[in-house]
Amino acid sequence: MTYDEIVQFHGHECPGLAMGYRMATAAMETLESFRAEDEELVAIVENDACGVDALQCVTGCTFGKGNLLFRDYGKHVYTIYCRSSRLGVRVHFHGNEIPEGLREDRNALANWLMSASNDRILSVTQTSIPEPEPAKIRESIPCAFCGESVMESRIQQLHEKPICIPCYEKQQKFDQNTAAGTDTPGS
Ligand SMILES: [Zn+2]
Ligand SMILES: [Zn+2]
């Protein structure tokens, strides 16, 4: 996918997308040196902002395939990991050399980010991490309250019954209100 196609996929051009594109591209360039063709990649992203759309296009790691993992750390860090070699690269966007005043102009910043050299905006380090669990098909069981089937790993227990998360939260509110003797659910 070209950068223009990625912009179309994302829906707009923005500094975040440019940032993610540069990070993902830098990671892939570094990975190529020790990666064989068909080896499966896993990406771990430490934020869920615009740039992750670029990462999905560049690396092929997507949420739907289960090889894109989100860690909610609020950091500009992507780690791309090759399953077979157990080696990966960690890309940190530091933006150290973004010129003064450029941050206020989103278009100019986006353009600048696309043309800056890697070392002015990010760092790439090689890393080895314990292998992330492969995506697997889990059994589903029906929620005792709404009857809809739920992945086993997401089932909660309430009054010794299996229950889905939304029902669990609703029921908890109801129990609290009942205990306080004030309210009825939905009111
Ligand atoms: Zn965006
Ligand atoms: Zn339910």
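**Chat: helix α3 and its surroundings**

Tutor: Let's start with two helices in this predicted model: the axes of α2 and α3 are 7 Å apart, and the helices pack at an angle of about 35°.

Student: Nice. What's the handedness of the crossing where α2 passes α3?

Tutor: That crossing is right-handed.

Student: And which residues make the contact?

Tutor: From α2 you have Gly16, Leu17, Met19, Gly20, Tyr21, Met23, Ala24, Thr25 and Met28. On the α3 side, Gly51, Val52, Asp53, Ala54, Leu55, Val58 and Thr59 take part.

Student: How do the residues of that contact divide by class?

Tutor: Between α2 and α3, ten residues of the contact are nonpolar, five are polar and one is charged.

Student: OK, what about α1 and α3, at what angle do their axes cross?

Tutor: The axes of α1 (residues 3-10) and α3 (residues 51-59) cross at roughly 130° and come within 10 Å. That angle makes α1 oblique to α3. The crossing of α1 past α3 is right-handed.

Student: Who meets whom there, in α1 and α3?

Tutor: Ile6, Phe9 and His10 of α1 meet Asp53, Ala54 and Cys57 of α3. By class, the contact of α1 with α3 consists of four nonpolar residues, one polar and one charged.

Student: How many residues of α3 are buried, then?

Tutor: Eight of the nine residues in α3 are buried, so this helix is mostly covered. The buried ones are Gly51, Val52, Ala54, Leu55, Gln56, Cys57, Val58 and Thr59.

Student: In which sense do β4 and β5 pair?

Tutor: Strand β4 (residues 87-93) pairs with β5 in the antiparallel sense, over six bridges. One of the residues involved is His92, whose bridge partner in β5 is Ser123.

Student: New topic. Is Glu152 buried or exposed?

Tutor: Glu152 is exposed, because 11 other C-beta atoms lie within 10 Å, and a residue counts as exposed at 12 or fewer. Glu152 sits in the loop between β7 (149-151) and β8 (156-158).

Student: Which residues does Glu152 touch?

Tutor: Leaving out residues up to four places away in sequence, Glu152 touches Arg138, Glu139, Ser140 and Ile141. Ser140 and Glu152 are twelve residues apart in sequence, with a C-alpha to C-alpha distance of 5.1 Å.

Student: Last one, the whole protein: how many helices and strands, and what percentage of the residues count as buried?

Tutor: The protein has six helices and nine strands, and 26% of its 187 residues count as buried. Among contacts between residues at least 6 apart in sequence, 61% join residues at least 24 apart.

Methods:
Residues numbered from 1 in each chain as written. Chains lettered and ligands numbered in written order. Predicted model: local features only at pLDDT ≥ 70, side-chain atom pairs only at ≥ 80, totals over all residues. Axes fitted to C-alpha atoms, helices over the stretch in contact; angles between N-to-C directions. Helix = DSSP H or I, 4+ residues; strand = E, 2+ residues; numbered from the N terminus. Parallel < 35°, antiparallel > 145°, perpendicular 65-115°, else oblique. Left-handed = near helix turned anticlockwise from the far one by under 90°. Contact = placed C-beta atoms within 7 Å. Nonpolar A, V, L, I, M, F, W, Y, C, P; charged D, E, K, R; others polar. Buried ≥ 20, exposed ≤ 12 C-beta atoms within 10 Å, placed from the backbone. Pairing = 2+ DSSP bridges.
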